[in-house]
Amino acid sequence: MGNSTATADLDVALEKHRTELTGYCYRMLGSSFEAEDAVQDTLVRAWRSYDKFEGRSSLRSWLYRIATNVCLDMLTAGNKRARPMDLTDSTPLAQAALAPRPDNTWLEPMPDARVLPTVEDPAEAAVAKESIRLAFMAALQQLPPKQRAVLILREVLAWKASEVAELLDTSVASVNSALQRARATLAERGDAGAEGAVSDPLDEEQQKLLERYVKAFEGYDMTALTALLHEDAIMTMPPFDLWLRGTADITGFMTTLGASCAGSRLLPVQANGLPGFAHYKPDPENGGFSPWAVQVLEISDGRITGFHCFLDTQRWFPLFGLPLHLEAEPDEVEKGV
């Protein structure tokens, strides 16, 4: 009996760390699904080798050590996940072609709730949120794996250099040097804080901007949408490598290749520390609405600067706990939606 109680206690103790470990592995790997696999692997390894854990460090640091090794093993294949604009130049609308690339090319979206543990300190919560934003995540993916681990542990999770050195079996000097190199790389990129203007929680102006966005998008009102987009706004649509820059190309795309999205419905979601929406478009065959994309929005100076549509709905909608069909409201049925 004592043994099964101890097992249950260990399960509970390990499980308590799942969310923060998922956040760590997600920042390391850039993939929602790989992060969840890595955490599962970490917890299984911890469970199996718990009798060897001598309590010299805290359970938390021991789990981070295992998770780091799991992630570094997964990263030896050398794949760097990216956004479309990290791989190609923007395409003028006239040449827009939808060419998909394999899933493992792309930086993936992540629901806030799966990676942001509840913390009391608002400053700590803000850092955690900023460090899963798409631009910062994309910048992290450019770092060599060990530098990536050092930067996340030191800057995001606020570990001491000595703790990181112990975790990585290295010296404090080499941790400090890796951190300097990582910071220099991020500074060169310059876009790691590109969506830094999103308040947490959203301020009244940003809230109103999102309400106007929903109204413009659901009404497919391109004039209203143009007024909300920054003139250099970027639209991406993974798994396609096409990306568009500027209001004319974005609204032009929406009224041509994207015309079937007229009459869509948007439901709010929290993704990557940013405002987002589950986008459902009309389903002429079955009635109601079928999933089309998870949209993640970047906002700066009262305008939408990034409009990122993740189209692989069979993967994203279940991850976000979203239904795979929306019924039409009674008044929409009458209108023939």
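**Pockets, helix packing and cavities**

Let me start with the lining of the largest pocket: six nonpolar residues, five polar and seven charged. Keep in mind that this is a predicted model. The volume of that pocket is about 400 Å³. In total, 18 residues line the largest pocket. Nearest its centre you find Ser 57, Ser 61, Trp 62, Arg 65 and Glu 166.

Which helices each supply at least two residues of this lining? Two helices do: H4, residues 59–75, and H10, residues 161–167. H4 gives the largest share, four residues.

Next, the second largest pocket. Here the volume is about 280 Å³. Its lining has 13 residues. Arg 60, Pro 117, Val 119, Glu 124 and Leu 157 lie nearest the centre. Helices H2 (18–29) and H7 (122–130) each contribute at least two lining residues. By class, eight of the lining residues are nonpolar, one is polar and four are charged.

Now to helix packing. Two packed helices are described by the angle between their axes and the distance between the axes. I have two pairs to show, and H4 is in both.

Take H2 and H4. Their axes are 10 Å apart, at an angle of about 30 degrees. Angles under 35 degrees count as roughly parallel, so H2 and H4 are roughly parallel to each other. Their crossing is right-handed. On the H2 side, the contact uses Glu 20, Leu 21, Tyr 24, Cys 25, Met 28 and Leu 29. On the H4 side, it uses Arg 60, Leu 63, Tyr 64, Ala 67, Thr 68, Cys 71, Leu 72, Met 74 and Leu 75. What is the make-up of this contact by class? Twelve residues are nonpolar, one is polar and two are charged. Note Arg 60: this residue of H4 touches H2, and Arg 60 is also among those nearest the centre of the second largest pocket.

The other pair is H4 with H9, residues 145–156. The angle is about 150 degrees, and the axes are 10 Å apart. This crossing is right-handed too. H4 brings Tyr 64, Thr 68, Leu 72 and Leu 75. H9 brings Pro 145, Lys 146, Arg 148, Ala 149 and Leu 153. The contact divides into six nonpolar residues, one polar and two charged.

Last topic: cavities. Rolling a probe the size of a water molecule over the atoms shows where empty space is left. How many cavities of 30 Å³ or more does the structure hold? There are two.

The largest cavity has a volume of about 70 Å³. Asp 103, Trp 106, Leu 107, Glu 108, Pro 238, Pro 239, Phe 310, Asp 312, Arg 315 and Trp 316 form its lining. Six of these are nonpolar and four are charged, with no polar residue.

The second largest cavity comes to about 50 Å³. Ala 82, Arg 83, Pro 84, Met 85, Leu 107, Leu 134, Thr 236, Pro 238, His 308 and Phe 310 line it. Helix H5 (84–87) and strand E6 (303–310) are the elements that give two or more residues to this lining. By class, that makes seven nonpolar, two polar and one charged.

Note on methods. Residues are numbered from 1 along each chain as its sequence is written. This is a predicted model: local features need pLDDT of at least 70, side-chain atom pairs count only at pLDDT 80 or more; totals for chains, interfaces and linings use all residues. Side-chain values use heavy atoms; hydrogens and water are left out. On a 1 Å grid over the protein atoms alone, a cavity is a set of points where a 1.4 Å probe fits but cannot get out, and a pocket is an open set with protein on both sides within 12 Å along at least five of seven lines; lining residues have an atom within 4 Å of a point. Grid points are joined across faces, edges and corners, and a volume is the space filled by probe spheres set on the points. Ala, Val, Leu, Ile, Met, Phe, Trp, Tyr, Cys and Pro count as nonpolar, Asp, Glu, Lys and Arg as charged, and the others, Gly among them, as polar. Axes are lines fitted to C-alpha atoms, for helices over the stretch in contact, and angles run from 0 to 180 degrees between N-to-C directions. A crossing is left-handed if the near helix is turned anticlockwise from the far one by less than a right angle, and right-handed if clockwise. Contact means heavy atoms within 4.5 Å. Angles under 35 degrees count as roughly parallel, over 145 as roughly antiparallel, 65 to 115 as roughly perpendicular and the rest as oblique.
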